[in-house]
Amino acid sequence: MRLDILTLFPGVFPGFLGESIPRIAREKGIVEIRLHDIRDWSADRHAKVDDRPFGGGPGMVMVCQPLMDAVETVQKMAEPPGRLIFLTPEGRRFDQTLAAELAQEDRIVLVCGRYEGFDERIFELLRPERLSIGDFVLSGGEAAAMAIMDAVIRLLPGTLGSPGSAAADSFVSGILDHPHYTHPVEFRGLAVPAVLLSGNHARIDAWRREQALERTGRFRPDLLP
Ligand code: ADE
C-alpha cells in the first residue's frame, strides 16, 4: 500500500512512523509512506496557506490554491490516484469496519486540515471522502491521520507478528476483546483465572467469550444488540 499524507506540519510524523508497527511495515516494504508539505505548493510570495473567512468570524480558513495544487500533483505522482480522504470533525466516523475496508486499498491520500477548516470549494472540486475520528475537535487532522494509519497498517498482511492477533481484536467480532493475563501466575495476591491454566481449550474459549460479552455489557452496552 502507498500512503500519501498532505499536511502543513510534516514534522509531527517521523516519530510515529519510525517506531513499532509502522516502522516494521515500512521496513518490510508492506507500506510506503510519503509526506507532503502543503505549503510547498503555495503560489503566494509569503507561502501563505490560510486567510480570514468571508462573512467574518474567528480563525483562519485554508485557501484553495495550495491545497488544490498539492492534491492534484500528488495524485498524479503514482498510479492509481488513490482514495482521497480529508480529515475533518464533520466527516463520517472512522471505525474498525472502515479500517478493514481501507486496508484493501492500493493507495490512500490523507489530507490534514488546520485552522478553522477548508474553503468549501475544495470539497466541491475534489469530492473527497471526509473522515472524523470522533466527536471532538483536534487542532488539526495530523493526530487523526496517525490514528487511521495505525489502525490500517496493522491490518496489512505480514505486518503483525502473529496473523491471528488482528482477528482477535476488540470490535472485529462486534464486541470487546476478552481480558488477558501473562506471567507471573500470582501478583500482589491476585491470581490468574484457573481456567486459563487448565489446558482445556474448549473451556478457555468459552470462558473468553463469556468474559468478552460481560465486559462489552459493562463498558460498551451500546455495542450489544
Ligand atoms: N480535525 C479536527 N478534528 C478532527 C477529528 N475529530 N477527526 C478528524 N480530523 C479532525
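Me: Hi! How many aromatic pairs does the count come to here?
Reply: Three aromatic pairs, by the ring-centre rule. Keep in mind that this is a predicted model. One of the pairs is F86 with F118, an edge-to-face arrangement with 4.9 Å centre to centre and 65 degrees between the planes.

Me: Where do F86 and F118 sit in the chain?
Reply: F86 is in strand 5 (residues 83-93) and F118 is in strand 7, 32 residues apart, so this pair links distant parts of the chain. F86 has 0% relative accessibility and counts as buried, and F118 is buried too, at 11%.

Me: And what kind of pair do F86 and F123 form?
Reply: A tilted one, 5.3 Å centre to centre with 55 degrees between the planes. Because F86 lies in strand 5 and F123 in helix 5 (residues 120-126), that pair ties together parts 37 residues apart in sequence. Ring pairs join F86, F118 and F123 into a cluster.

Me: Switching to helix 6: is it largely enclosed or open?
Reply: Largely enclosed by the rest of the structure, because nine of its twelve residues are buried. Among the buried ones are E142, M146 and I153.

Me: What about H36, buried or exposed?
Reply: Buried, with 8% relative accessibility.

Me: Last one: which residues make the nonpolar surface patch?
Reply: F9, V12 and Y115, covering about 240 Å². Y115 is in the loop between strand 6 (107-112) and strand 7 (117-118), and is partly exposed with a relative accessible area of 34%.

Notes:
Residues numbered from 1 in each chain as written. Predicted model: local features only at pLDDT ≥ 70, side-chain atom pairs only at ≥ 80, totals over all residues. Heavy atoms only, no water. Buried < 20%, exposed > 50% of the residue type's maximum accessible area, 1.4 Å probe, protein only. Patch = residues over 30% accessible without salt bridge, like charges linked within 9 Å, V, L, I, M, F, W, Y side chains within 5 Å. Areas by Shrake-Rupley, 256 points an atom, 1.4 Å probe, with all protein chains shown as cover. Salt bridge = Lys/Arg side-chain N within 4 Å of Asp/Glu carboxyl O. Helix = DSSP H or I, 4+ residues; strand = E, 2+ residues; numbered from the N terminus. Phe/Tyr/Trp six-rings, centres within 6.5 Å; stacked < 30°, edge-to-face > 60°.
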